[in-house]
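Subject: Structure handover

Hello,

Please find the structure below. Some notes on what was found in it follow.

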Amino acid sequence: MSGPKSRKTGTTLADVARAAGVSKMTASRVLRDVDGFSSTTRDKVLSAVDRLGYVPDRIAAAFGTVGASTLVGVCVPRLTSDMFGSVLDSIDRTLSRFGHQTMIGAHENATDMEEAWLRTILSWRPAGVILSARTHSSTAIELLKSHAVPVVEIWNLNTSPLDISVGFNHFDCGHEMGRFVVSRGRKRIAYVGAEAGSASTAAIRLEGFEQALDSAGIKLATREILTDRPGFYAGYYGTET
C-alpha cells in the first residue's frame with residue numbers, strides 16, 4: 001500500500017518520506033510523534049509535509065478506505081460566548097437532521113489557531129467546514145483550496161467569500177446604532193466596548209458608529225474600550241467606570 005492520500009493532491013506518506021530522505025516507517029513515526037528519530041529527521045519530515053501539503057487521512061488509515069464523510073467542522077472565536085452558543089446550537093440541530101455531526105473548535109480570533117484547527121479537521125476529511133473568523137492566513141486559504149472542501153463563512157458578511165458567506169455587515173450595524181442614538185436627540189454620546197487584544201468585528205462596528213455621529217455633526221464624547229472578551233460583564237464594568 002502507498003499510504004493514505006490527499007484527495008486533491010494525491011500526496012502520500014511515501015511521497016513525504018521520499019522527499020525527506022527517510023523510510024516511510026520513520027516518516028510515520030515522526031507524524032505520530034513517537035520515539036525513534038532525531039530532531040534533524042523530524043525537521044526534514046515536517047518540512048516535506050509543509051512543502052507537499054500533505055495531511056494524513058485518519059479515516060482512511062483507520063478503515064482502509066475513504067467513504068462519504070458526515071462530519072462538519074465548525075470554528076468560532078470562543079465556545080463560552082453567549083452569542084456563539086446559540087449559533088452553534090442551531091448549526092448542530094440543523095445538521096443532525098441531515099445525518100451530519102459537528103466537530104467544534106475555537107480560534108480566539110487568532111489566525112494561527114484557526115490554521116492549526118484546520119490542519120486537524122481536514123485530516124478527518126470533513127463534508128464541509130464553517131468558519132467565523134474575519135480573516136484567514138494565506139496558509140489556511142491554501143489548505144482549504146487544496147482539499148476542495150465546501151466552506152461557509154459566517155457572522156461577518158464577506159463580499160468575496162472563499163465559497164459561501166452568511167452573515168451581516170458590522171460597519172452597517174454600528175452605523176445604524178449611531179443613527180438611532182442621534183434620532184433620539186442625544187448630543188453627548190459615549191461608547192463602551194471590549195476587545196481581547198486581537199482583530200474583531202467590534203472595531204468595525206465602532207467605526208460605523210462614529211461615522212454616523214460625524215454625519216450628524218456630533219463627536220464621540222468619550223470611549224471606554226476594555227481589554228477583555230466581549231460579554232455582559234464587560235459592558236457592566238465599562239458603564240460602572
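A word on accessibility comes first: a residue is called buried under 20% relative accessible area, exposed over 50%, and partly exposed in between, with a 1.4 Å probe and protein chains only. This is a predicted model, in which local features need pLDDT of at least 70 and side-chain atom pairs count only at pLDDT 80 or more, while totals for chains, interfaces and linings use all residues. Residues are numbered from 1 along each chain as its sequence is written, and side-chain values use heavy atoms, with hydrogens and water left out.

Salt bridges

Side chains of opposite charge can pair when their charged atoms come close. A salt bridge here is a side-chain nitrogen of Lys or Arg within 4 Å of a carboxyl oxygen of Asp or Glu. The whole structure has 6 of them.

Asp50 pairs with Arg119, with 3.8 Å between the closest N and O atoms. Asp50 belongs to helix α3 and Arg119 to helix α6 (residues 111-122), so this bridge ties together parts that are 69 residues apart in sequence. Arg119 is partly exposed because its relative accessibility is 30%, whereas Asp50, at 53%, is exposed.

Arg93 and Asp89 form another salt bridge, at 2.9 Å from N to O. Both are in helix α5 (residues 82-97), and their spacing of 4 residues is about one helical turn. Arg93 is partly exposed at 44% relative accessibility, and Asp89 is partly exposed at 39%.

In helix α8 (residues 170-183), Arg179 and Glu176 are 3 residues apart, about one turn of the helix. Their side chains meet in a salt bridge of 3.1 Å, N to O. Arg179 has a relative accessibility of 48% and counts as partly exposed; Glu176 is also partly exposed, at 46%.

Helix packing

Helix α2 (residues 24-32) and helix α3 (residues 39-52) have axes that come within 10 Å and cross at roughly 85 degrees. The axes are lines fitted to C-alpha atoms over the stretch in contact, with angles from 0 to 180 degrees between N-to-C directions. The contact (heavy atoms within 4.5 Å) involves Thr26, Ala27, Val30 and Leu31 of α2, and Thr41, Arg42, Val45, Leu46 and Val49 of α3.

Regards

Methods. Helix = DSSP H or I, 4+ residues; strand = E, 2+ residues; numbered from the N terminus.
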